[in-house]
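Okay, thanks for coming, everyone.

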Amino acid sequence: MQSDNLSSIQTSLRVIPRDQHNVSRKEISPNALRVLYRLRDSGFGAYLVGGAVRDILVGGHPKDFDVATDATPEQVKGLFRNCRLIGRRFRLAHVVYGREIIEVATFRANIDDGSGDRETDTGGRLVRDNVYGSIEDDAVRRDFTANALYYAVEDFSVRDYVGGFEDVQNRLMRLIGDPVTRYREDPVRMLRAVRLAAKLDFEIEAATAAPIPQLAPLLAEAAPARLFEECLKLFLSGHAVQSFLGLERYGLLGALLPESAKALKSNRSGALRRMLLEGLKGTDTRVANDEPVSPAFLFALLLWPAYCRELMSLQAQGTHTVEAQRRAADRVTLHQLSMIALPRRFSLPMQEIWLLQSRFQQRQRKRVMRLLSHPRFRAAFDFLCLRTAASEEHMADVEFWFEAQQHPDAIAHQEANQHSDDGEEGGDERAPRKRRRRRRGAPVAEG
Ligand code: ATP
Ligand code: MG
């Protein structure tokens, strides 16, 4: 017996012949084609499936190619010397060509046959599924109709069991089956809906979108490591602005980044939101230009509203500025980590980017030189530039540090003379004690 939800889904096969679709072998990696042909020549069904078919249909150029087949993983392994089997819960074959890996999955069913191979926990969340099935089973256990299209190498047709072809033509993300049940099985599908709609410039179909705001809190049950991965895909794939707007629109932002969402809400001027969007726009531009993007900078940006809010509240309670900065950084990180598993190699530089912000107001020669040679200077300076998008207030700092990078010695001398004793607090532990002046309650400006 199949799971109630999936077994109730009617499938009807529509075959779209080669002359009625644009999936061309030119768009498919030669290695993926090699795998498809070898499977077919050995008498197995072999299909390109999932994101690659969907992306080619909308004119995109997929980077990875997934293959679905009726051959078992062991049979796949028998056909390819360069194949290794991975996964315990569900075995997959990876056929390895240098740096390219073609993932070959045996048709999978979501079967509840009493064997315990498919289990849901009390909330309806899927915890195990481990049974092979037919191509129809495989289609209906996928998330969106657009992701359940099969390109058959035997006749170059596209096979559609759930109406995905039409949905792609109409640019719609539509869940297969009952949306509430499918989100309860796997809440990350809510993020996938937003992310794929942003990436493909699709709308989320009405019934698929409707339950999201109410079910958004279920995200708290998702595995933190998976949410981290999903965040990287949401924000570092070149569609960060659209993804962010989608998260806001469907009430997912408060579930994913609760502290920042609260801070954005209470920031009446909208300056923090402007800064965030400006930063995400910059990220998208970098991705489009093939420039590197860093998770540390991304999370510094996403959690900056939360950091500012926490900092202001600590300072309002009378915590000394330097101490407040450190504590705010720690608290925000700790809070957010319980939900999204941001590895330390990213959370530490993220905190550094925050803590360096207050040091941009310090103009004494020694401190200028020290900050210029800080390993995180460049990221922190870029961050400072973004803050000017939210408020003009930091313009003078940006100008000073821009010059300082061009002519470090000249600027440092000149400024050192002008501000011979304006040592401002700013988290510089190495500065001599007597030069420190106490400045209580001075808030870090919004943005
Ligand atoms: P992209 O690669 O652009 O992120 P994708 O759709 O290829 O998008 P993957 O995570 O690579 O996403 O997943 C490959 C395929 O596996 C999907 O197209 C879909 O058919 C299926 N799939 C992925 N995640 C889920 C899920 N949470 N529930 C059901 N099916 C899923
Ligand atoms: Mg993919």
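Let's begin with charge pairs: there are 23 salt bridges in this structure, where a salt bridge means a side-chain nitrogen of Lys or Arg within 4 Å of a carboxyl oxygen of Asp or Glu. As background, side chains of opposite charge can pair when their charged atoms come close.

Before I go on, some housekeeping. This is a predicted model, so local features need pLDDT of at least 70 and side-chain atom pairs count only at pLDDT 80 or more, while totals for chains, interfaces and linings use all residues. Residues are numbered from 1 along each chain as its sequence is written, chains are lettered from A and ligands numbered from 1 in the order in which they are written, and side-chain values use heavy atoms, with hydrogens and water left out.

Now the overall picture. The chain has 23 helices and 14 strands; these are DSSP runs, H or I over at least four residues for helices and E over at least two for strands, numbered from the N terminus. Of its 447 residues, 53% count as buried. By buried I mean under 20% relative accessible area, with exposed over 50% and partly exposed in between, using a 1.4 Å probe and protein chains only. If you take contacts between residues at least 6 apart in sequence, 70% of them join residues at least 24 apart, a contact being heavy atoms within 4.5 Å.

Lysine 199 pairs with aspartate 55, and their closest N and O atoms are 3.1 Å apart. That pair ties together distant parts of the chain, since lysine 199 sits in helix α8 and aspartate 55 in helix α3, 144 residues apart. Which of the two is buried, and which is partly exposed? Aspartate 55 is the buried one, with a relative accessible area of 8%, and lysine 199 is partly exposed at 33%.

Helix α8 has another one for us. Arginine 192 and aspartate 143 meet through their side chains in a salt bridge, 2.6 Å from N to O. Here arginine 192 is in α8, and aspartate 143 is in the loop between α5 (135-140) and β11 (149-152), 49 residues away. Aspartate 143 is buried, with a relative accessible area of 9%.

Elsewhere, glutamate 352 forms a salt bridge with arginine 376, and the closest N and O atoms are 3.0 Å apart. Glutamate 352 belongs to helix α19 (residues 344-356), whereas arginine 376 lies in the loop between α20 (365-372) and α21 (377-390). Both ends are partly exposed: glutamate 352 at 27% and arginine 376 at 28%.

There's also a network of salt bridges, which links Arg182, Glu185, Asp186, Arg189 and Arg226.

Keep some of those names in mind for the ligand. How many residues surround ligand 1? There are 16, and the closest are Arg54, Arg142, Asp186, Arg195 and Lys199; a residue is in if one of its heavy atoms lies within 4 Å of the ligand. The shell divides into one nonpolar, three polar and 12 charged residues. Charged here means Asp, Glu, Lys and Arg; nonpolar means Ala, Val, Leu, Ile, Met, Phe, Trp, Tyr, Cys and Pro; the others, Gly among them, are polar.

Next, polar contacts, which are pairs of N or O atoms within 3.5 Å; within protein, one must be able to donate a hydrogen and the other to accept it, and residues adjacent in sequence count only if both atoms are side-chain atoms. Aspartate 186 has a side-chain N or O atom 2.7 Å from a nitrogen of ligand 1. On the oxygen side, arginine 192 places a polar side-chain atom 3.1 Å from an oxygen of the ligand, and lysine 199 has one at 2.6 Å from an oxygen of ligand 1. On its own ligand 1 exposes 580 Å², and the protein buries 80% of that, with areas from the Shrake-Rupley method, a 1.4 Å probe and, for residues, only the protein chains shown as cover. Two or more shell residues come from each of α3 (51-57), α8 (188-200) and α11 (224-235), and α8 gives the largest share, five residues.

One last stop: threonine 319, in the loop between α17 (304-316) and α18 (321-337). Threonine 319 is buried, at 11% relative accessibility, and a polar atom of its side chain is 2.9 Å from the backbone oxygen of leucine 314.
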